[in-house]
Amino acid sequence: MIFRGKQLILIQMTQVLTITQLGNPILQQKAAAIDNFLDADCQNLIDSLITTVQAAHGVGIAAPQVARSLRLFIVASHPNPRYPDAPIMPATAMINPRILQVSEEMVKGWEGCLSVPNLRGFVPRHQWIEVAYCDRNGGEIRQVFRDFVARIFQHEYDHLEGILFLDRLASPADLYSEEEYQKISNIAEYKR
């Protein structure tokens, strides 16, 4: 709290939120649309989600992953210990997102999840997607994402639908422990 003259101003600091883990029923629920995303609660949630995904070395996080069943996620692609080859993209809040079009071509790629620790899956996703969402200021954005960023968007969008990457695996053989994934990810010529 800050006093400015006779006026009391409340300032909420962003915080690292607790990440909901596999088994929590909120991860299987369809999230609710956000009506008033300009209010302080939503804006604080956005800031805390950004702080949380950065602290966890993730490239995306959805509101259900912090026990808030709302149609909001952050895409924050950047190289980090979990995804050293990730492209750089500023942390972007995507509110009430929609997928408008998808490529016919599906590609498999490695995914992990902050809510599913110590596991990686080789998951099929659309190579490109056209999407629409509202930004944190209320602007409607339409974009086409490709490759890794398209994968992040689809992964986070699934969280809003109550779907985990585990549900998208084509085969149980496509699921690896983090330790085994790290062994094969260091072999440049390894292809699945």
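How many bridges join β3 to strand β4? In this predicted model, three bridges connect β3 with β4, which spans residues 72-75, and the two strands run antiparallel. One of the residues involved is Ala62, whose bridge partner in β4 is Phe73.

Strands of a sheet pair through backbone hydrogen bonds, in either a parallel or an antiparallel manner. Here an open sheet is built from five strands in the order β3-β4-β5-β8-β9, with antiparallel pairing. Because β3 (60-62) and β9 (140-146) each have a single partner strand, they stand at the edges, and one side of each is left without a neighbour in the sheet. On average, neighbouring strands of the sheet are turned by 40 degrees against each other, direction ignored. Helix α1, formed by residues 40-55, packs on this sheet and touches β3, β4 and β5 (92-102). The direction of α1 makes about 40 degrees with that of β4.

The loop between β4 and β5 contains Asn80. Is this residue buried or exposed? Asn80 counts as buried because its relative accessibility is 7%, which falls under the 20% limit. Leaving aside neighbours within four places in sequence, Asn80 is in contact with His57, Gly58 and Val59. The side chain of Asn80 also has polar atoms placed by the backbone of two residues: one such atom lies 3.5 Å from the backbone oxygen of His57, and the backbone nitrogen of Arg82 lies 2.7 Å from a polar atom of the Asn80 side chain.

Conventions: Residues numbered from 1 in each chain as written. Predicted model: local features only at pLDDT ≥ 70, side-chain atom pairs only at ≥ 80, totals over all residues. Heavy atoms only, no water. Pairing = 2+ DSSP bridges. Helix = DSSP H or I, 4+ residues; strand = E, 2+ residues; numbered from the N terminus. Axes fitted to C-alpha atoms, helices over the stretch in contact; angles between N-to-C directions. Contact = heavy atoms within 4.5 Å. Buried < 20%, exposed > 50% of the residue type's maximum accessible area, 1.4 Å probe, protein only. Polar contact = N/O pair within 3.5 Å; in protein donor to acceptor, adjacent residues only side chain to side chain.
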